[in-house]
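Me: I'd like to learn how to read packing and contacts in a model like this one. Can you walk me through it?

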Amino acid sequence: MSTTTVAHHDEHADHPTGIMRWLTTTNHKDIGTMYLTFSLIMFLVGGSMILGIRAELFQPGLQLMNPDFFNQLIGVHALIMIFAALMPAATGFANWMIPLQIGAPDMALPRLNNWGFWLLPPSAILLTLPFILALFGIGDGALATGWTFYPPLSIQGGFGVDFAIFAVHLLGISSVLGSINIIVTLYNMRAPGMTLMKMPLFAWGWLITAFLLIATIPVLAGAVTMLLTDRHFGTHFFDAAGGGDPVMFQHLFWFFGHPEVYILLLPVWGFIPQILQTFSRKPVYGYKAQVYSFWAIGALAVVVWAHHFFTAGLPVPALLYFMYSTMAISLPLAVLFFCWIKTMWKGSMSFETPMLFTVGWIILFGIGGLTGLVLADVAADAQYHNSYFVVAHFHYTLFAGGIMGIMAGVYYWLPKMTGHMYNEKLGKTHFWLTAISFNMTFIPQFFLGLAGMPRRIPDYALQFAEFNMISSISAFVLGLSQLLFVYIIITCVRGGKKATDQVWEGAEGLEWTLSSPPPYHSFAEQPVIK
Amino acid sequence: MLMQGLKKIGAILLLSMVSVAAYADYSWNFPEPVTPMALDTLHVHNKFMLITMAIFVVVLAIMIYSIFAHRKSKGFKPVTDKAPSTAIEIFWTLIPFAILLLIDFVIMGIPAYRSIIMMEDTRNGSEMVIKVTGSQWRWQYEYMSGDAEGIKFVSNLTTNTKQMYNEEEKSQNYLLEVDNPLVLPVDTKVRVLMTATDVLHNWWVPQFGASRLAVPGFIRETWVQVTKPGIYRGQCKELCGKGHGYMPVVVHAVSKEEYKTWVLAKKDEAAQADAGADQEWTKEDLMAKGKEVYEKNCAVCHQVTGAGLPPAFPALTGGKITTAPIFGADGKYLPDSHLDRILNGKNIMPAWKALLNDTEIAAVTSYERNALGNSVGDLVQPSQVKAARQ
């Protein structure tokens, strides 16, 4: 296939310019870029919120904020990081890379795609507006219940809860639309010869994610709508006085909430092997095993939810079932780890920034996974539950396993997207700063949790002071290092050494056959997979 | 360079906080267990941690070896992987999964099964029952059986706000100290019933290893059997609003003899309070008692000055309810009057009738009407509260 032919067709691409280009675009690359930009902005917003928290927790006592504002920051931080930073980043990559990887000219449903993105900025506004309104004396701020919305606290709360409920509705619609689009694209628009079992793993990871989203987002939407009617229309779904049950909300919420973890991670598990393959100069090991593991994890994801509330008073058979089923997740996950390391084994490795992030990712996500296995044990969970041990655990899975994975993807594909190489030296600096300060932030939190510090408290007893101080200082280093990330991306977009089409010596796959950056309309001639 | 700078900053900060550092310590594991459940939890935790660390170290070692050995810069040429095909290859591939299965469902799974059965067995061998009720933001304890049956009291945080706002040096048990700790006899299995009045709470003492959600409208249960006398401290660990960080759990575990003495003293105290409720109280006594009750229970929301935190927590100073008449022509209290609100609550305002005795309610009502910038003039007597409860 000749790339010059493809570039030639680009001249026919006519589209509006300026703001109208972005508002009305149906181009998968434009929409992908918007998702990724939105994600980066919200990552900084959510990050600065948590730096406020870490500053408050720097030493015992109340220094900067009152406890109510503290509670608002932790909840909105989580919602922003999950729904507005991590998920859009994965969707951004999906938009950019899935059509390129499967040899499709665009996504199957381009207008839906546009709508899916443009639902996000309003929901980000809904999440953060109560903070601004409170500055003008309207209302008492954003939701202060933590991101989990547990009633009756969320029924007691101010209109910040309603804002968050509607934000979740919009984000949910956006995710479901995105998922439909990806499923339709993957089933219908693969290049001739690309059977499902020849799809790149990134496409596979996203396919399972999309199914999980469609299966679970409606449950979340239903649960928060029930909350809304409890708050305003006199229903009693979660009020014992009217025959309801507050713990039922936890079941509904985590029926969505646990698969959500895999929704965030599966796309990353998809492209990590591709990065390993590129920088090990050796094909992905165990492709089929990985695909089957994705399916197994996707299936287990929807049947283990109650391990998030072992201390809520479940009957013994339920405790046993949810414990053993949760432990079972370690099996397919072990297959994945095995395949990742086997892909590296006896390869010819080089360590550019994407590979550094990937190797760091495997190690740190491993810590997250192993602590997760420990957490599955009901007996020990009584101690870990809602302590800082859990906070440290899920930051190992979601910051290391999620965001550092996304960063690996950014460095991997940025030259393809922009046509320029990023500054390798700065990229490596960014990796080391992030990896070291991340560990320095969260390792102390494991010990805080074991010592008995509950999460979501604005002030703490004196024996927790040392570890909190280390954690806070490191969190600021971690936060400020991300400004370097932003700088690297901006300079890379604006210029730099020209990237070749293949970009990386060992890169293989359809996206590397196109020019860097790819033409506005790619694959004017359909590639054929042998 | 950067790390040196950080160290310097850290050193300066540490020096400036000697008072805090005096009590702080690095603790690397669960605190010393004092119940069978906590001991079991610690064993499970230690065992599981060792196993996962061993897995981690082995896998990491393999990876690090590969990272150093299989480098392009060393001229290492990639090999071609083959899927395991011969029986012996398949055997080696399956070994890690067999090990994992063994760890998950045998080495950890069987002891975990036993632990769960033990944790959930609240009844067999239990000698007494207590009820723990979580409210925003205090714990209420009630002894349901045995010698102490009928004793109930509220346990409030005693750390003053000056310490929280760094105007005073923090005491050793900052945020983990209460006025009325729960008192339990050692070596006695205590069945703990758990509920809440408003939102979810979670009663947790790390050294007990027991933690259970308190759900309004439902009873949950757990048990404790303290094996060593001492003072044990913990906290609420379910986000329950702005006072979540301020509802500590403090338990005094005492010998069985000391426990008996305590029960007698507590019963005596209750009898005296009952007697006090039948007396006519003077204004000074009511106001003094009322100030004490107010600052312990009410000031967390309505503030010490009575200014409140509108709109969530209205001001009592010049408030509509606090300055309106309480009793109607028939001598009964009016709906939505000051006394009605304190007794029965409304929305976020908790109902205090189960938490405070007649004297305390009479005193705090009188105090709110004649202090905090109010001067309504009338007093509420304990006998009136007693009548109002009927």
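Predicted model: local features only at pLDDT ≥ 70, side-chain atom pairs only at ≥ 80, totals over all residues.

Me: Okay, which residues of helix 4 of chain A meet helix 6 of chain A?

Reply: On the helix 4 side of chain A you'll find A:V76, A:L79, A:I80, A:A84 and A:P88, and they meet A:L120, A:A124, A:L127 and A:T128 of helix 6 of chain A. By class, that contact has eight nonpolar residues, one polar and no charged.

Me: And how do helix 4 and helix 6 of chain A run, roughly parallel or roughly antiparallel?

Reply: Look at the crossing angle: over 145 degrees counts as roughly antiparallel. Here the axes of helix 4 (residues 67-102) and helix 6 (residues 120-135) of chain A cross at roughly 170 degrees and come within 11 Å, so the two helices are roughly antiparallel.

Me: What about chain B, which domains does the assignment give?

Reply: Domain 1 (36-120), domain 2 (128-272) and domain 3 (279-389). The C-alpha centres of domains 1 and 2 of chain B are 41 Å apart. Four residues of domain 1 of chain B touch five of domain 2, and the domain 1 side has three nonpolar residues, one polar and no charged.

Me: Last one: how many residues does each chain put into the contact between A and B?

Reply: Interface size is often given as the accessible area lost when the parts come together. Counting residues instead, chain A gives 79 and chain B gives 89. Helix 13 (residues 330-344) of chain A supplies the largest share of the chain A side, eight residues. That side divides into 48 nonpolar, 21 polar and ten charged residues.

Technical notes: Residues numbered from 1 in each chain as written. Chains lettered and ligands numbered in written order. Axes fitted to C-alpha atoms, helices over the stretch in contact; angles between N-to-C directions. Helix = DSSP H or I, 4+ residues; strand = E, 2+ residues; numbered from the N terminus. Parallel < 35°, antiparallel > 145°, perpendicular 65-115°, else oblique. Contact = placed C-beta atoms within 7 Å. Nonpolar A, V, L, I, M, F, W, Y, C, P; charged D, E, K, R; others polar. Domains from an automatic or database assignment.
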